[in-house]
Structures are given as C-alpha cells and as structure tokens.
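Hello,

I am handing this structure over to you. Please have a look at it first; my notes follow below.

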Amino acid sequence: MEKFAFMLHPLSLADMQHVSPLIRLVPDGVLEFALRHKKPFKVSHITGVRSPYAEAEGWFVGCPLTAKQMLTLPEEFVMDRIIETGRIAQGLGAKILGLGAFTSIVGDAGLTVAENLDIAVTSGNSYTVATALEGTRKAARLMGRDLRTAQVAVIGATGSIGAVCARILAREAGHIMLAARHSGPLEDLAQELVRTSDAEIRVIQDTAACIRQADIVLTVTSAVDFQIDPADFKCGAVVCDVARPRNVSRAVSAARPDVLVIEGGVIDVPGDVDFHFHFGFPPKTAFACMAETMILALEGRYENFTLGRDLRPEQIDTIAALAAKHQFRLAGFRNFEHAVTEEAIAAVRETAGAMAEEGPVPEI
C-alpha cells in the first residue's frame with residue numbers, strides 16, 4: 001500500500017465553514033487570532049485510491065492559516081507552521097507530501113519545506129498546468145475557437161505556472177499576449193518565446209486592455225486582491241481560472257452569459273476514493289494538485305517532483321503521461337463548484353453569437 005499526504009489550509013475565513021457552519025458567528029478578528037495560535041492537525045484519512053497498477057491511502061493534514069495570513073505574517077512564522085504540518089504527515093506514515101494552495105507559494109515554493117522533512121514534497125503544480133491546458137483546449141473547441149488563430153492571453157505570466165503555460169501554449173497557439181505586474185520578467189519571457197516559437201508574442205502591461213482583446217484567457221495570478229471585472233471580457237471569450245483565490249468573480253457568469261468560465265484542474269480519481277472531508281467538490285473528484293501527489297504515490301516515485309519556481313514543459317509532459325497510466329481524468333468542466341455541461345457551453349456559444357450580431361457589449 002502506497003502512502004501520501006496533502007496539506008490543506010483555508011483560503012479565507014469563510015472557508016472555515018467547511019469545518020463547522022457555526023464559524024460564521026465568530027468575529028473575524030477572533031477567528032484570525034485563533035487560527036494563528038492553533039496547532040496543525042490531521043484532517044482526515046483518505047481511502048480507496050486505486051489504479052490498475054497500485055493502491056494508496058493518504059491523509060489530509062491541516063495548516064490553520066488563511067491565504068491572507070500566509071502573505072502578511074512573518075515568513076519565518078509561516079514556514080515553521082507549514083513544516084510543522086508536514087511533520088504530522090511524516091508521522092502518519094506518508095512517503096510524499098503535496099502542498100496545497102498558498103503553502104506551495106510562500107517562501108521558496110516548497111524547497112525549504114522539503115529540506116526540513118524526511119519525506120518527498122511536491123507542489124502539484126505540474127499536473128495543475130497539464131489539466132488546465134487540457135481543459136482550455138477542449139473548452140475552446142466547444143466554443144468554436146481555434147488556438148492557431150485565436151488571441152490567447154496569459155494573465156500572471158511571470159509566475160511559475162503562468163510562465164510554463166505560456167511556453168507550452170507557444171507550441172500550438174498563433175498569437176499570445178502576456179500580462180503581469182512586473183515588467184522586467186515579463187519582457188524576458190516574451191523574448192524567450194520569440195526566440196523559441198513561431199507564435200506572435202505581445203506584452204501588454206494593462207491587464208484589463210489585454211483581457212478585452214483576448215478570445216481565450218488563462219488567468220493564474222496568486223494575488224489575493226486581484227479580480228477581473230465582468231465588462232473586461234470579449235464577447236464569446238473562453239476563460240480558464242487556475243488561480244486560488246480565484247481571479248474571476250461569480251459576477252462574471254451572472255453578468256456575462258456570452259462568456260464561458262471554467263476552473264482548471266478538477267480530476268476524477270480512480271478507485272472508490274473517500275476523502276472523509278468535504279472541500280467543495282463532488283465525490284471521487286479532487287484538485288489537480290491533490291491528484292499529482294496521488295499519482296506519484298501510485299507510481300512509487302517518492303521524489304521532490306515539483307518544487308521551486310522553475311517549472312519545465314518536460315515535467316508537465318511526464319505527469320500527464322503518468323496520470324493517463326493510472327487513469328486520472330479531467331472531470332468535465334466546473335465553475336464555482338457547479339458542473340458546466342456541454343449543453344450549457346452550447347448555450348453560451350449561442351448567446352455569444354447572437355450578441356456579436358447585435359454589436360459591442362454594453363458597459364456593465
């Protein structure tokens with residue numbers, strides 16, 4: 001039996017309601033104080049992960065800090081808390097630990113965590129990228145978009161996920177726009193893609209202007225204060241939101257029935273998996289970052305697979321092949337914990353077509 005663990009943490013105070021609905025009655029200041037002083041803990045035992053080649057069990061372990069706290073509290077304090085959580089996983093018998101959400105972002109993106117544990121560590125970002133791109137390609141086809149001719153925007157292109165997404169998209173897309181907060185790294189990435197691909201590469205500092213021109217948008221920023229206005233999207237746009245917290249608000253789907261918004265990385269897990277903890281997904285499905293940890297455990301690859309901020313296309317290709325071997329699959333499309341059916345996509349496409357005939361999208 002292979003063994004793994006995955007680290008969870010609340011993205012926001014509202015997420016604590018997964019633990020108990022009574023949490024909403026606790027004042028924010030009191031809850032933040034309690035989280036800062038709470039020790040890491042075992043959340044649940046994961047059973048039933050089974051592929052044609054191996055079987056695994058695992059554990060969710062909880063790091064009780066929100067995304068905001070991870071970015072605002074002293075880095076040394078946050079890293080100590082993450083490492084302490086990792087030691088719980090180690091003590092449970094896990095041989096590899098997956099870092100969830102902001103635990104894979106703070107500090108040096110997992111390198112220090114791995115140095116302080118006796119088990120392998122991975123961020124899950126490789127499979128997150130693989131499935132986000134797979135979903136984006138399929139959604140684009142269903143919306144009648146061709147990557148070779150569409151205007152493709154990568155928002156947050158200088159992050160580790162954004163940069164490798166841009167590199168892989170440059171293999172197949174004809175026109176790529178890059179946007180991020182820091183112009184220097186953005187220009188460096190653009191020059192690299194100009195040298196190594198045949199795609200037309202543009203850097204656009206104004207993120208809203210970039211999105212307004214895009215037929216396909218991949219948004220991967222890690223900023224807690226960044227959200228895209230519904231009015232910024234082009235009629236008929238396909239949007240894949242890989243970011244956590246999300247960059248695309250619920251208001252977009254409500255206000256723009258002509259825009260298709262999907263989330264990256266919702267995965268069917270093979271076997272009769274039971275997470276014994278509800279994190280907002282249907283039974284037997286998981287985030288791609290969780291799935292990467294399971295895949296590596298099933299394969300017996302107890303190694304630091306995805307760490308640091310330098311993701312390479314070869315890593316993405318490798319984890320995608322291992323996922324196929326162990327029968328992990330993209331679980332259709334989702335948006336804010338709700339399924340997006342092909343019928344719903346057809347309705348978005350029809351609405352976009354009708355609105356395009358009527359003229360420009362009005363201001364919202």
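A term to start with: buried means under 20% relative accessible area, exposed over 50%, and partly exposed in between (1.4 Å probe, protein chains only). This is a predicted model, where local features need pLDDT of at least 70, side-chain atom pairs count only at pLDDT 80 or more, and totals for chains, interfaces and linings use all residues. Residues are numbered from 1 along each chain as its sequence is written, and side-chain values use heavy atoms, with hydrogens and water left out.

Helices (H or I, at least four residues) and strands (E, at least two) are DSSP runs, numbered from the N terminus.

Helix α7

Helix α7 covers residues 183–196, which is 14 residues. From first C-alpha to last, α7 reaches 20 Å, close to the 20 Å expected at 1.5 Å a residue. That expected span is 1.5 Å times one less than the number of residues. L186, L189, A190 and L193 are the buried residues of α7. They fall within an arc of 100° seen down the axis, so they line one face of the helix. The arc is taken from the directions from the helix axis to the C-beta atoms. D188 and R195 are exposed on the other side of α7. The buried residues of α7 pack against α6 (160–169), β7 (175–179) and β8 (200–203). Contact here means heavy atoms within 4.5 Å.

Helix α12

Helix α12 (residues 342–358) has 17 residues and reaches 25 Å, close to the 24 Å expected. Its buried residues include I345, V348, A352 and M355. These cover an arc of only 90° around the axis, which puts them on the same side of α12. The face turned away from that side carries the exposed residues E343, E350, E357 and E358. The buried residues of α12 pack against α5 (125–142), β11 (260–263), β16 (333–335) and β17 (338–340).

A339 is in strand β17. A339 counts as exposed, at 58% relative accessibility. Leaving out residues up to four places away in sequence, A339 touches F333 and R334.

T122 lies in strand β5 (residues 120–122). T122 is buried, with a relative accessible area of 0%. Beyond its neighbours within four places in sequence, T122 has contacts that include I96, L97, E292 and F305. T306 is also in contact with T122. The backbone nitrogen of T306 lies 3.2 Å from a polar atom of the T122 side chain.

Best regards

Methods:
Polar contact = N/O pair within 3.5 Å; in protein donor to acceptor, adjacent residues only side chain to side chain.
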